Amino acid sequence: MLAIVKSLALSGMEGHFIQVEVDVANGLPAFDIVGLPATTVREAKERVRTAVKNSGFDFPMKRITVNLAPADLKKEGPGLDLPMAVGILVATEQISIEKVTNCVFLGELSLDGTLRGIPGVLPMASAAVNLHSDLKLILPGDNAREAALVEELTVLGANTLKEVVDYFRGDVELVRTFSDKEFTPAASLGVDFQDIKGQASVKRALEVAAAGNHNILLIGPPGTGKTMLAKALPGIMPDMTFSEAIEVTKVYSIAGLLPANQPLVQDRPFRSPHHSTSSAGLAGGGRIPKPGEISLANHGVLFLDELPEFSRDVLEVLRQPLEDRVITVSRAAATLTYPARIMIASSMNPCHCGMATDNGGINCTCSPLQIARYQARISGPLLDRMDIQIEVPRVSYEELAGEGEGEGEVSIRIKSRVEKARAIQRERLGQKNLANSEMNSRQVRLFCKLDAQGKELLHKAYKQLGLSARAHDRILKVARTIADLSGEKYILTEHLAEAIQYRALDRGMSRV
């Protein structure tokens, strides 16, 4: 007998419908799976056979052929275990075919018939709605709350294969799962700006970066608080919208990093990979590519500490995603595209010993050539994409020892100004989540106009600093953000001057 059961498979960020066609015929006992299955799918026949037996059902000693259609789509992962088991039970008339017509099945089977959670459920559940709104999605209870984020879908969570079969036989009732967690985003305030001594100019630069989603590079001697300042950055960024949270959750679900008790990622990601990471770790890798650190930081911050210590090949991976806001990873088995709307926050020492900018470089043991070589580890095109490059000076003893004196603002107050600036940008650009850093060249010409004095200032800076066309536009974008923070409709000369000051490496930071 032939049975057809609906299921889902994942390809990048997209879910695809799969028809699990099961044929049970007379002949020598065999269990074949066709339709471009990966190794994890081919191994399902052992899990399915044992799970069906241990759940108390009859496993046919006949020739079983399972076809996963469409045949040209690579199927990977253990999520097809449950639909194959259900298909066999339907084909052997242990479940009525009419019962499963409007159902979609997902889930991995243990040998005792227990259902285990699988990654990538949210994008697959979103795909299920696109086919038919009346479908029921039956999947492991561990994944039920995640799938229930797609409110139009009827989600039924089960713990065992026997529970699924008993549901179709009318012996038990599977209760529909609803998303029981309200969307209440709140940035993690692990480090508050008020806890950071001194560094008023750097805090201002971070506020500008957060307001316009600009990439920022912190340059200074060891122990000046560069890492601490970067870790405080998420606390002043605007809360994620629900659509952004859904997109971030999809990426984490595909990567298998979604906590079991947290069906929705509500805080902006902050990823800090070690400098020994590979280009595959940053961009995404595997035979069928999974999201890398760039995509895991989507709608959040990718912090690269000790930037020159990263391999040059690894850093060059960043160039295309920073322009296109997506990253395409090509492998022999598949070419997949993942989102990459990120803010880069990075830090570096000015030289190998780290003292080139400290006290005029008196204690620096590096020669000018060594300093130039150290800074040259970061390519010019990548530095061009760092909108803000600012020196982080050593904190004075008076600032460090002061108790309650000269304290900075709390993060929540800075965050309120950032959110007001973002609201101005959304109204101006006409797109819900677009920030100044994402303006195209036409929008820069339209919204970043300068008066005669501003044009003269930018002209001098362009010639004296040897700026590229990209750096020219990025200065204008930063100036536009500074004007938004000030509530000004037009870019004033002081806004442009501040933006130019944020190009430390263009101004020749290294010791002479």
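A pocket here is an open set of grid points with protein on both sides within 12 Å along at least five of seven lines, and its lining residues have an atom within 4 Å of a point. With that in hand, here are some close-ups of this predicted model.

**View 1. The largest pocket and its lining of 27 residues.** Welcome to the largest pocket, with a volume of about 420 Å³. Leu10, Ser11, Glu76, Gly77 and Lys290 are the lining residues nearest its centre. Strand S1 (2-11) and strand S14 (335-339) each bring at least two residues to this lining, and S1 has the largest share of it, with four residues. Sorted by class, the lining holds 17 nonpolar, six polar and four charged residues.

**View 2. The second largest pocket, holding about 280 Å³ of space.** This pocket is lined by 14 residues, and closest to its centre are Glu323, Ser437, Met439, Asn440 and Lys477. Three helices, H13 (319-324), H18 (441-447) and H20 (469-486), supply at least two lining residues each. Among the contributors, H20 gives the most, with four residues. In this lining you will find seven charged residues, along with four nonpolar and three polar ones.

**View 3. The one cavity of 30 Å³ or more in the whole structure.** The largest cavity contains about 120 Å³ of space. Of the 13 residues that line this cavity, Asn213, Arg268, His299, Arg341 and Arg422 lie nearest its centre. Five residues of the cavity lining are charged, four are polar and four are nonpolar.

**View 4. An open sheet of five strands with parallel pairing.** Follow the strands across the sheet and the order reads S11-S12-S15-S10-S16. At the edges sit strand S11 (270-271) and strand S16 (388-391), each of which pairs on one side only. As a friendly reminder, strands of a sheet pair through backbone hydrogen bonds, in either a parallel or an antiparallel sense.

**View 5. Strands S10 and S16 side by side, in the parallel sense.** Zooming in on this pair, strand S10 (residues 216-219) meets S16 over four bridges. Look for Leu218, which stands opposite Ile390 in S16.

**View 6. Helix H7 lying across the sheet strands S10, S15 and S16.** Helix H7 covers residues 200-212, and strand S15 covers 343-348. Relative to S16, H7 runs at about 170°.

Terms used:
Residues numbered from 1 in each chain as written. Predicted model: local features only at pLDDT ≥ 70, side-chain atom pairs only at ≥ 80, totals over all residues. Heavy atoms only, no water. Pairing = 2+ DSSP bridges. Contact = heavy atoms within 4.5 Å. Axes fitted to C-alpha atoms, helices over the stretch in contact; angles between N-to-C directions. 1 Å grid on protein atoms, 1.4 Å probe; cavity = no way out; pocket = protein on both sides within 12 Å on 5 of 7 lines; lining within 4 Å. Points joined across faces, edges and corners; volume = space filled by probe spheres on them. Nonpolar A, V, L, I, M, F, W, Y, C, P; charged D, E, K, R; others polar.
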